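Subject: Structure for you to look at

Dear colleague,

I am handing over the structure below, and I would be glad if you could read the notes that come after it with the structure open beside you.

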Amino acid sequence: MKLLVLVSGGDAPGINMFLAELNKKVKNVDAVEGGYRGLIDGNIKPLASFEPQKYKTQAGAVIKSSRCPEFKDDKNFNKALKNAKNYDCLIILGGNGSYKGAERLFDNGVRTIFIPTTIDNDVEGSEYSLGFHSAVKACCFTVENVMPSMEAFNRCCVFEVMGRNCDAIAQAVASAMQADYVIAKEEDENFAKIAKIIRQRQKDNHSSIIVLRENLVNISEFCMDLQEKSGVEVRYNIVGHIQRGFKPTSVDLKMAKKFADVALKAIKKTHNSYAIVMDDGRVNVHLI
Ligand code: ADP
Ligand code: F6P
């Protein structure tokens, strides 16, 4: 059986372990270099040539990823389709956008296996997407290493975390760090309430933590306003791409192996196309 694998969209910690597991368990798997862009261009090499074993415990994606809006154009899509059809099965690692691409390939006759890999944890139909745990850990690491300095001045610190339009990272970090306030959606932007909370924290001789989901406010303007309204010194920290580049946690390494094992079993047993999902705490297959 000829297998092809690609990574699309934002990389996520754990992807390299998935690729290493694939490389270990199956002989002669090919990999697309650079996601859907690479599939259009026919940029395909043996997976082993990317040496995934060497990088299995590191974040990133040894076979490279891409964001490729031009994949949606018929001319490009048909080129990609032609390259995919040289294989018995195409394994696609990515988030919601990449899943749409996987569905279109499937609709056009490519046997497809989709693996949810995005730090955002927003893939429809799956309780978990690979990389989320490591991203949350990266945020907590940042909060833990910034707050001692804030506490020395009883300042408030606002931490902006990723997630695109999904609040999963923000909520998980806020909960783990006992944040004083979380702004995860537009309605949470209640200045009077936030100012009251951080003023009280200062009165109690303490710093305060606010977790903010990205794409909601301009953080610098937000913090200046908050400082003015509350009278408390406010600083901010945009956690950024350490969330994607963070060393995968043991949870994500284990999940990567599990996703790979379930995917390989499904590939060997049947001829169907699947999304591999976490459902009620178990890794399972869903027909695409
Ligand atoms: P993610 O997969 O992490 O959600 P993106 O939303 O950036 O990341 O999507 C990754 C890629 O998936 C896009 O650059 C594009 O190539 C492809 N894609 C996104 N939406 C569609 C769609 N509706 N149809 C086909 N391909 C899509
Ligand atoms: O989808 C993962 C993610 O990290 C989002 O949380 C974020 O909004 C986006 O990708 C950033 O993408 P990039 O830095 O690749 O442009």
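What follows is an account of what was found in it.

This is a predicted model, in which local features need pLDDT of at least 70 and side-chain atom pairs count only at pLDDT 80 or more, while totals for chains, interfaces and linings use all residues. Residues are numbered from 1 along each chain as its sequence is written, chains are lettered from A and ligands numbered from 1 in the order in which they are written, and side-chain values use heavy atoms, with hydrogens and water left out.

Of its 288 residues, 55% count as buried, where buried means under 20% relative accessible area, exposed over 50% and partly exposed in between, with a 1.4 Å probe and protein chains only. Among contacts (heavy atoms within 4.5 Å) with a separation of 6 or more, 73% are between residues 24 or more positions apart.

Leaving out residues up to four places away in sequence, Ile91 touches Leu3, Leu4, Val5, Leu6, Phe18, Leu22, Ile113, Ile115 and Ile267.

Helix α1 (residues 15–25) packs against helix α10 (residues 250–269) at an angle of about 45°, and their axes are 8 Å apart; axes are lines fitted to C-alpha atoms, for helices over the stretch in contact, and angles run from 0 to 180 degrees between N-to-C directions. From α1 the contact is made by Met17, Phe18, Glu21, Leu22 and Lys25, and from α10 by Leu253, Ala256, Lys257, Phe259, Ala260, Asp261 and Leu264.

In helix α6 (residues 168–176), the residues Ala168, Ile169, Ala170, Val173 and Ala174 are buried, and the buried residues of this helix pack against α5 (132–151), β6, β7 (181–183), β8 (208–213) and α9 (242–245). Strand β6 (residues 156–161) holds Cys157, which is buried, with a relative accessible area of 1%. Neighbours within four places in sequence aside, Cys157 is in contact with Val146, Met147, Met150, Ser208, Ile209, Ile210, Arg235, Tyr236 and Asn237.

Most residues other than glycine have a negative phi. Asn28, however, has a positive phi near 60°; Asn28 sits in the loop between α1 and β2 (30–32) and is exposed, with a relative accessible area of 70%. Asn215 has a positive phi near 70°, lies in the loop between β8 and α8 and counts as exposed at 54% relative accessibility. Gln178, which follows α6, has a positive phi near 50°.

Key. Helix = DSSP H or I, 4+ residues; strand = E, 2+ residues; numbered from the N terminus.
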